[in-house]
Amino acid sequence: MRAVRPAPSSAEQSTSLAAESPSVVRNFLNSRGSGRLADASFATLMLICASTIFLIVLFIFWILIHNSHLSLVAFGWKFFTREAWDPVSGDFGALPFIYGTLMTSLLALAMAVPLALGVAIFLTELCPRPLRAPISFLSELLAAIPSVVYGLWAVFVLVPLMRDTIGPFLAKTLGWTGFFEGPNFGVGLLTASIILAIMILPIISSLTRDIMTAVPNSQREAVLALGATRWEMIRIGVLRNSRIGIVGAVMLGLGRALGETMAVTMVIGNHPDISKSLFAPGYTLASVIANEFSEATGDLYYSALIEIGLALFLVTIVVNAIARLMVWAVTRGAPSRVS
Amino acid sequence: MKKSMIAVGVLALAAIGASAQSLNGAGATFPYPIYSKWFSEYNQQHPSVKINYQSIGSGGGIRQVSDGIVDFGASDGPMSNEQIAAAKVKTQHIPTVLGAVVPVYNIQGLNKELNFSGDVIADIYLGKITKWNDPRIAKDNPGVNLPAKPILPVYRSDGSGTTYIFTDYLSKVSSDWSSKVGKNTSVKWPVGIGQKGNEGVAGMVRQSPNSFGYVELIYAVQNKMSFGSVKNASGKFVKATTEGVTAAAASAAKTMPADYRVSITNAQGPASYPISSFTWLLVPTHSTDATKTKALKDFLNWMLDHGEGEASGLSYAPLPKQVQDMVRKTVAEIK
């Protein structure tokens with residue numbers, strides 16, 4: 001390095017310190033010629049990377065439409081609102097599966113989001129320092145467990161628990177609502193929702209924790225200095241500042257819940273019915289594909305299963321779009337301050 | 001040094017590839033254990049032939065052999081007339097072994113194994129018989145103290161040959177079943193809950209008091225599960241064994257069609273177990289590749305001579321003698 005450096009002239013020596021010892025970066029930039037071509041090619045390269053995402057999505061969409069052609073022609077758009085699923089007579093519809101997917105995912109969110117927020121708040125704001133690392137580590141460990149392991153655990157632990165303890169309790173105390181009626185075999189929509197909630201909890205909580213940690217301490221100190229209690233500080237200083245990030249974390253959790261297959265298949269009961277009772281068995285879009293695809297004999301059956309995939313694709317897009325709209329509506333023009 | 005070794009390795013591989021005849025097959029999962037045993041043994045005895053088999057399911061097997069993607073297919077249910085008409089590659093069904101489906105249940109404190117009539121099983125899955133102490137179940141099981149508890153029917157949620165055989169049997173013994181539900185690898189079950197695979201159904205039945213389900217005979221035998229007897233067409237209650245299944249096939253041998261597409265559920269004969277079925281290989285009748293056809297025919301003959309003898313070791317029922325002789329003639333006719 002030293003040998004390459006030009007000997008400083010006496011004039012430069014007197015003008016500035018920077019010129020006296022040109023940095024490595026400056027040397028590199030001076031020596032590598034014009035940057036115009038490099039800029040253009042870099043921009044193109046990145047554009048190609050970005051457009052692969054569009055291409056992949058388009059390609060998936062095209063394949064789904066192409067392979068479900070038979071079923072699209074046979075049932076039209078009514079496919080998404082029909083209740084039938086009869087492989088013998090070739091009568092197919094996606095409604096019970098869409099219902100099961102949305103119901104289990106939303107119930108799972110309802111259970112997991114408050115819990116995840118609590119975990120994140122505790123970890124960032126209240127937790128004694130020595131406990132922080134082990135709890136964060138455990139919650140991240142939960143996120144790394146494969147879903148089939150959750151499924152096995154659910155079959156051997158959660159199902160008997162639901163059948164013998166939680167189910168009868170819910171039927172006795174909340175039976176009047178109509179959501180906990182009918183026979184309870186331990187498998188069904190509620191059990192599937194609970195296992196989903198457990199699976200998405202670590203995802204939402206660890207992301208939310210990272211977001212809350214990123215809120216500058218000056219925000220907290222400012223709110224506390226104005227005389228806020230600890231809860232008020234968390235609400236005004238932390239939650240308000242990180243709400244967009246939190247919604248993002250919830251969306252990632254919802255994404256996993258919508259597409260989760262193995263664990264749900266093992267405990268949902270796999271019966272395509274729309275029933276108000278959460279004890280009743282249900283079916284999800286992902287589960288029916290996983291269950292029936294390999295033995296789907298007959299072209300219409302095969303095509304209907306692909307269209308179920310299309311329905312899952314569309315449900316994911318619509319749910320994500322609704323969530324984006326909600327975020328936009330909530331944060332539109334609102335400054336991150338308490339009004 | 002390293003490079004030259006790699007080059008030698010590549011050459012050696014290429015040499016093996018050139019001399020070995022490889023056959024690719026795909027299809028049914030039910031006979032996969034016996035097929036993989038046969039194919040690996042055959043490869044040991046005949047190193048020049050290597051048979052690859054992927055157990056992707058009967059539906060996939062039928063599709064892939066009909067499109068000419070694989071050299072042979074395998075299916076637990078026979079191809080339908082429409083599928084045969086639509087196939088680009090015409091195939092011959094070759095029965096290989098037989099399987100059976102048995103009823104399993106979980107009732108606490110039962111002093112003996114239960115008997116089931118076919119129409120009772122159908123009505124349990126139709127939701128008409130809902131309690132264990134139903135008079136129709138009691139009639140088949142005199143002296144058994146049945147509880148007044150609701151029955152939880154469990155079925156296979158994944159499409160499977162097991163479900164095909166089971167629903168094929170129910171369609172034969174119950175007119176209600178055949179008009180309302182029918183037979184297929186998966187059907188619209190009127191009541192009950194679905195679990196994935198034999199292990200899913202067995203696990204659910206083992207865990208849930210007062211449940212009822214069906215699994216493959218092999219699975220029940222290997223896991224030492226107790227299972228019920230089923231009433232056959234001669235009015236006898238038969239507990240499934242490989243001999244009972246072979247007997248069912250033997251009773252159907254007299255009326256066997258040339259394409260072997262026959263259902264042997266509810267077969268005649270006092271020893272026949274009623275919920276039995278063949279599983280088939282789908283072999284192209286006319287192939288452009290003569291060496292492949294020859295390799296496949298050689299294997300099929302080996303299967304008849306040696307393979308069948310090994311079936312019962314894995315709890316598959318072997319083909320009865322009469323059917324083996326028929327298949328030998330059919331194999332000779334493949335060009």
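Student: At what angle do the axes of helix α12 and helix α13 of chain B cross?

Tutor: Please note that this is a predicted model. In chain B, the axes of helix α12 (residues 290-311) and helix α13 (residues 321-333) cross at roughly 165 degrees and come within 10 Å. Angles over 145 degrees count as roughly antiparallel, and α12(B) and α13(B) are therefore roughly antiparallel to each other.

Student: Is the crossing of α12(B) and α13(B) left-handed or right-handed?

Tutor: The crossing of these two helices, α12(B) and α13(B), is left-handed.

Student: And which residues meet there?

Tutor: From α12(B), the residues are K297(B), L300(B), N301(B), L304(B) and E308(B); they meet Q324(B), V327(B), R328(B) and V331(B) of α13(B). By class, this contact has 4 nonpolar, 2 polar and 3 charged residues.

Student: Changing topic: how many residues has the largest nonpolar core?

Tutor: That core has 168 residues. I195(A), I200(A), I204(A), V267(A) and V102(B) have the most contacts inside it. Helix α9 of chain A (residues 189-213) supplies the largest share of this core, 16 residues.

Student: What is V267(A) in contact with, leaving aside its neighbours within four places in sequence?

Tutor: Its contacts include G151(A), A154(A), V155(A), L158(A), V187(A) and I195(A).

Student: Now the contact between the chains: how many residues does each give?

Tutor: Chain A gives 24 residues and chain B gives 30 residues. On the side of chain A that touches chain B, α8(A) gives the most, with 3 residues. That side of chain A divides into 12 nonpolar, 9 polar and 3 charged residues.

Technical notes:
Residues numbered from 1 in each chain as written. Chains lettered and ligands numbered in written order. Predicted model: local features only at pLDDT ≥ 70, side-chain atom pairs only at ≥ 80, totals over all residues. Axes fitted to C-alpha atoms, helices over the stretch in contact; angles between N-to-C directions. Helix = DSSP H or I, 4+ residues; strand = E, 2+ residues; numbered from the N terminus. Parallel < 35°, antiparallel > 145°, perpendicular 65-115°, else oblique. Left-handed = near helix turned anticlockwise from the far one by under 90°. Contact = placed C-beta atoms within 7 Å. Nonpolar A, V, L, I, M, F, W, Y, C, P; charged D, E, K, R; others polar. Core = buried A, V, L, I, M, F, W, Y, C linked by C-beta atoms within 7 Å. Buried ≥ 20, exposed ≤ 12 C-beta atoms within 10 Å, placed from the backbone.
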